[in-house]
Amino acid sequence: MSMMQEFKSFAMKGNVVDMAVGIIIGAAFGKIVSSLVNDVLMPPIGLLLGGVDFSNLGVTLRAAAEGTPAVVLKYGVFINSIVDFLIVAFAIFLLVRGVNALRKKEEAAPAVPPAPSKQELLLGEIRDLLKSGK
């Protein structure tokens, strides 16, 4: 299964343990990922797009007037949030994928075959004697 198919399967699965891990990891990495997106990733992307600062992108729905603030639809902040989410979701996916791989290795470990019984040993000796012709 490819990584993208496995990620899609993970994202669509309603496993409570996976969700709990996601919440914990998401909370732990939230600030780090937000800083990564806002301070490291988005500035070069904005520079490539002509010096655009994504956090300032927005559409003014109503201008400020006499003590009332402007009503602004801040889609740039929304874009940053989407990138944050994708990074956190991918990090969680990699963590759960690693845990699942460890579980599969434990399950796939070959069981030691049981030792042959006394009857099987005796039958094996009889077979060997018959083959040798004694």
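These notebook entries record what I looked up in the structure.

**Basis**

I worked with a predicted model, in which local features need pLDDT of at least 70, side-chain atom pairs count only at pLDDT 80 or more, and totals for chains, interfaces and linings use all residues. Residues are numbered from 1 along each chain as its sequence is written, and side-chain values use heavy atoms, with hydrogens and water left out.

**Entry 1: layout and overall form**

I looked up the secondary structure and found four helices and two strands in the chain. I took helices (H or I, at least four residues) and strands (E, at least two) as DSSP runs, numbered from the N terminus. The order from the N terminus is α-α-β-β-α-α.

I then looked up the dimensions. The C-alpha trace spans about 115 × 30 × 20 Å along its principal axes. The radius of gyration of the chain is 30 Å, whereas a compact globule of 134 residues would have one near 14 Å. This radius is taken over C-alpha atoms, and the globule rule is 2.2 Å times the number of residues to the power 0.38.

Of the 134 residues, 13% count as buried. Here buried means under 20% relative accessible area, exposed means over 50%, and partly exposed lies in between (1.4 Å probe, protein chains only).

I also looked up the contacts, defined as heavy atoms within 4.5 Å. Among those between residues at least 6 apart in sequence, 54% join residues at least 24 apart.

**Entry 2: the largest nonpolar core**

Which residues make up the largest nonpolar core? I listed eight: I25, V33, V37, M42, F54, V88, I92 and V96. Such a core is a set of buried Ala, Val, Leu, Ile, Met, Phe, Trp, Tyr and Cys residues joined through side-chain atoms within 4.5 Å. Two or more of its residues come from each of α2 (16-48) and α3 (75-108). Helix α2 gives the largest share, four residues.

Leaving aside residues up to four places away in sequence, V37 touches M42, P43, N80, V83, D84 and I87.

**Entry 3: residues of α3**

I placed A89 in helix α3 and noted that A89 is buried at 13% relative accessibility.

Residues up to four places away in sequence aside, L95 touches V21 and I25. I then looked up L122, which is 27 residues from L95 along the chain, and found their C-alpha atoms separated by 52 Å.

**Entry 4: the aromatic pair**

I found one aromatic pair in the structure. F90 and F93 form it, with 5.9 Å centre to centre and 40° between the planes, which makes it tilted. Rings of Phe, Tyr and Trp (its six-membered ring) pair if their centres lie within 6.5 Å; planes under 30 degrees apart count as stacked, over 60 as edge-to-face and the rest as tilted. F90 and F93 are three residues apart in helix α3 and are therefore separated by about one helical turn. F90 is partly exposed, at 35% relative accessible area, whereas F93 is buried, at 1%.

**Entry 5: E6 and R97**

I located E6 in helix α1 (residues 3-12) and recorded E6 as partly exposed at 21% relative accessibility. What does the side chain of E6 make with the side chain of R97? I found a polar contact at 3.2 Å. The term denotes a pair of N or O atoms within 3.5 Å; within protein, one must be able to donate a hydrogen and the other to accept it, and residues adjacent in sequence count only if both atoms are side-chain atoms. E6 and R97 are 91 residues apart along the chain, and their C-alpha atoms are separated by 8.5 Å.

**Entry 6: phi of E66**

I looked up E66 in the loop between β1 (59-62) and β2 (71-73). Its phi is near 35°, a positive value in a residue other than glycine. Most residues other than glycine have a negative phi. I noted E66 as exposed at 86% relative accessibility.
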